[in-house]
Amino acid sequence: KKNKVTHKYIHRIVAETFLNNQNNIFYTSGLTCAIEMAKLSKSKVFVTGGNLNMRSFSVNGMDGLRCLEKVNFDVAFIGVTRYAKDTGFTCESLEDCELKRKAIERSKKVIVLMDSSKVERKGTYTICDLDQVDVLISDSLLSDSFKQECEKRGLSVY
């Protein structure tokens, strides 16, 4: 139940704050997240080719990477599996990691979606560090020290 509440909260914050006047939006891996965000933004949905990850329902692989090399995004919404100070934001799939890195590289603004249970947990593949993110959207349980670290580095925290 907590995840459903957290996801609803995150989607509402995103819709109210970040989806106005955005033309090209990258949605992170996860079919549920992408569908909900697309509904809220009423934006055109662009799907890359590649392999379907049956665990996360994301599409990844070389076809997706090649496709992203030609797209310029206004904003990228990046979901992460974990965050630790020495590893940054991480995920557990190399293919997802590479796709997210490319989207970050091709985006004007980067927004990470992460619930508080993922903080101070090391993951396998580093997507990016705090310095590459503009906004962090999470639940209300983020520690004050982590929020202060984010704000010290110029991130807005919601």
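Predicted model: local features only at pLDDT ≥ 70, side-chain atom pairs only at ≥ 80, totals over all residues.
K122 belongs to the loop between strand 7 (107–113) and strand 8 (125–128), and D86 to the loop between strand 5 and strand 6 (88–91), so the bridge ties together parts that lie 36 residues apart in sequence. The structure holds twelve salt bridges.

R101 bridges to E98, the closest N and O atoms being 3.7 Å apart. R101 and E98 are three residues apart in helix 4 (residues 94–105), and therefore about one helical turn separates them. An α-helix has 3.6 residues a turn, so residues three or four places apart point the same way. R101 counts as partly exposed because its relative accessibility is 37%; E98, at 30%, also counts as partly exposed.

F146, E149 and C150 are its buried residues. Seen down the helix axis, the buried residues fall within an arc of 100°, so they line one face of helix 5. They pack against strand 5 (82–84), strand 9 and strand 10 (156–157). On the other side of the helix, D144, S145, Q148 and K152 are exposed. Just after helix 5, G154 takes a positive phi of about 95°.

E149 is on the buried face and also carries a charge pairing. Its relative accessible area is 15%, and E149 is therefore buried, the cut-off being under 20%. E149 forms a salt bridge with R153, with the closest N and O atoms 2.9 Å apart. R153 has a relative accessibility of 30% and so counts as partly exposed. The pair is part of a network of salt bridges that links D129, D131, E149, K152 and R153. K152, one of the members of this network, is among the exposed residues of helix 5.

D139 counts as buried because its relative accessibility is 11%. Its side chain makes a polar contact of 2.8 Å with the side chain of S116. The side chain of D139 also reaches the backbone nitrogen of L141, at 2.8 Å.

How values were computed:
Residues numbered from 1 in each chain as written. Heavy atoms only, no water. Buried < 20%, exposed > 50% of the residue type's maximum accessible area, 1.4 Å probe, protein only. Polar contact = N/O pair within 3.5 Å; in protein donor to acceptor, adjacent residues only side chain to side chain. Helix = DSSP H or I, 4+ residues; strand = E, 2+ residues; numbered from the N terminus. Arc of directions from axis to C-beta. Contact = heavy atoms within 4.5 Å. Salt bridge = Lys/Arg side-chain N within 4 Å of Asp/Glu carboxyl O.
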